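Have the model open as you read.

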Amino acid sequence: MSSVKNLKKDINFVLGDIIEAVYIYEMSTSGKPSDKTNAIIDEAIASFDSLIVKVNAKKVENKKVHFKQINIELEQTANQLIDKINTL
């Protein structure tokens with residue numbers, strides 16, 4: 001299991017890359033944000049906030065299992081957001 005610092009970096013990089021992909025899509029199509037792209041960006045930001053709160057939780061019984069679950073949740077969230085981008 002990676003350190004907490006690396007987990008925070010992973011969350012930041014993965015969700016940041018997803019937001020960047022939305023911006024690239026916007027630039028390559030209409031050049032303007034749409035309601036659908038704004039919704040994906042908002043969802044990515046909300047997911048980021050939620051995951052960081054979970055990482056910073058102090059009262060956790062089994063830290064290894066807790067951080068592993070956060071990593072799994074990050075992967076699932078990223079896959080869902082990528083699917084939404086692909087359907088645009």
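How are H1 and H3 oriented to each other, roughly parallel or roughly antiparallel? Their axes cross at roughly 5 degrees, so H1 and H3 are roughly parallel to each other (angles under 35 degrees count as roughly parallel, over 145 as roughly antiparallel).

A bit of bookkeeping: this is a predicted model, where local features need pLDDT of at least 70, side-chain atom pairs count only at pLDDT 80 or more, and totals for chains, interfaces and linings use all residues. Residues are numbered from 1 along each chain as its sequence is written, and side-chain values use heavy atoms, with hydrogens and water left out.

H1 covers residues 4-28, and its 25 residues reach 36 Å from first C-alpha to last, close to the 36 Å expected at 1.5 Å a residue. Helices here are DSSP runs (H or I, at least four residues).

| Pair | Axes come within | Crossing angle |
|---|---|---|
| H1 and H3 | 10 Å | roughly 5 degrees |
| H1 and H2 | 10 Å | roughly 175 degrees |

H1 and H2 are therefore roughly antiparallel to each other. Their contact (heavy atoms within 4.5 Å) includes Tyr23 and Tyr25 of H1 and Phe48 of H2.

Definitions and conventions. Helix = DSSP H or I, 4+ residues; strand = E, 2+ residues; numbered from the N terminus. Expected span 1.5 Å × (residues − 1). Axes fitted to C-alpha atoms, helices over the stretch in contact; angles between N-to-C directions. Parallel < 35°, antiparallel > 145°, perpendicular 65-115°, else oblique.
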